[in-house]
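Keep the structure open while reading.

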Amino acid sequence: MAWRSYNNGGIGFLCVCVVVISVVVSGRPTTFLEDFRVTWADSHVKELDGGRGIQLLLDRSSGCGFASRRQYLFGKVSMKIKLVPGDSAGTVTAFYMNSDTDTIRDELDFEFLGNRSGQPYTVQTNIYAHGKGDREQRVNLWFDPAADFHTYSIMWTRWLIIFGVDDIPIRVYKNHEAKGIPYPKLQPMGIYSTLWEADDWATRGGLEKIDWKKAPFYAYYKDFDIEGCPVPGPANCPSNPNNWWEAPSYQSLSPLQARNYRWVRMNHMIYDYCTDKSRYPVTPPECVAGI
């Protein structure tokens, strides 16, 4: 893992890279635990390759999780994950950002919902803004995410939020505060990941239960990358117009991103809270506002 800090003309951002390292800018070897902390069940989080990789384990006794030591305000965070293989029904592997502020929390969620062998893996995304969530969307992944590592990313700017899978947008949430729609932009967020049991809801609404005979369950991580404004850090970083994510080209989807986003929604989306009339007889305003 390399820790790379930059401060150029008042621009402050931090980049942390785990596992695959081309240059160690600090000039010394570092380990995962220097920059991250285990938040749950130390015995179930295993460093690999001298701390350059991470394995999470779920068994009958416990799940586990870890978190960044710092919080960030705007930028992009990504990691490569290889999900639980085989019969993973009832398990959830989560990668998310959270402001850790209880009832007024902001949160951006990836939740990978385990499956029965041979069924597609479902990824659920959710967004909390100013304490209000319940904005779930679900997409069936178009590949086997347990066969190899894939990159999952959250890009968060003052303008929009993009959830990406191998650089393909699967969820977009735009800032429509001018229309009275909450948007997370004031609270920094930490980065978290967990592996846990949720067989009361995760797979087919809880119909498929976890098969503990298949335990333990493993998920693997590498190439963790953060480009954003650390908090505490340079006070002018989040509002600095020279941050790359503030450029006009990042304030909306590119034509290629828009095509890929439409492809995902047309071919792989299986649930969208915006169209769930049983939950929302009146369409939520952010759904009407569009991207």
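Which residues of α2 are buried? They are A258, Y261 and V264. The model is predicted, and what follows should be read that way.

**Helix α2**

The buried residues of α2 fall within an arc of 125° when seen down its axis, so they line one face of the helix. An α-helix has 3.6 residues a turn, so residues three or four places apart point the same way. On the other side of α2, P255 and M266 are exposed. What covers the buried residues? The cover includes three strands: β11 (137-140), β14 (168-174) and β17 (269-272).

The length of α2 also checks out. The helix runs over residues 255-267, which makes 13 residues. At 1.5 Å a residue it should span 18 Å, and its end C-alpha atoms are 18 Å apart, so the two agree.

**Confidence**

The chain averages a pLDDT of 87. A score of at least 70 is reached by 89% of the residues. Strand β13 (residues 160-165) has the highest mean pLDDT among the elements, 98. Strand β1 (residues 2-8) has the lowest, 37. Over residues 1-29 the pLDDT is below 50. Beyond near neighbours in sequence, this stretch still has 80 contacts in the model.

**Salt bridges**

How many salt bridges does the structure hold? There are 14. Side chains of opposite charge can pair when their charged atoms come close.

| Pair | Closest N to O |
|---|---|
| E208 and R116 | 2.7 Å |
| R279 and E136 | 2.9 Å |

R116 lies in the loop between β9 (107-113) and β10 (122-128), and D87 in the loop between β7 (71-82) and β8 (91-98), so the pair ties together parts that are 29 residues apart in sequence. R116 is partly exposed, at 23% relative accessibility. D87 is buried, at 13%.

R116 also pairs with E208. E208 sits in the loop between β15 (190-197) and β16 (217-231), so this pair ties together parts that are 92 residues apart in sequence. E208 counts as buried because its relative accessibility is 17%, and the cut-off for buried is under 20%.

The pair of R279 and E136 links distant parts of the chain, 143 residues apart. R279 is in the loop between β17 and α3 (285-289), while E136 is in the loop between β10 and β11. R279 is partly exposed at 34% relative accessibility. E136 is buried, with a relative accessible area of 15%.

**Nonpolar core**

In soluble globular proteins, nonpolar side chains tend to be buried together. The largest nonpolar core here has 60 residues. Those touching the most other members are F95, L108, F110, Y152, I154, W156 and I191.

What does L108 contact, leaving aside its neighbours within four places in sequence? Its contacts include F95, I154 and W156. Also among them are Y96, M97, N126, I127, I161, F163, P184 and M189.

Terms used. Residues are numbered from 1 along each chain as its sequence is written. Side-chain values use heavy atoms; hydrogens and water are left out. Helices (H or I, at least four residues) and strands (E, at least two) are DSSP runs, numbered from the N terminus. The expected span of a helix is 1.5 Å times one less than its number of residues. Buried means under 20% relative accessible area, exposed over 50%, partly exposed in between (1.4 Å probe, protein chains only). The arc is that of the directions from the helix axis to the C-beta atoms. Contact means heavy atoms within 4.5 Å. pLDDT is the predictor's confidence in each residue, from 0 to 100. A salt bridge is a side-chain nitrogen of Lys or Arg within 4 Å of a carboxyl oxygen of Asp or Glu. A nonpolar core is a set of buried Ala, Val, Leu, Ile, Met, Phe, Trp, Tyr and Cys residues joined through side-chain atoms within 4.5 Å.
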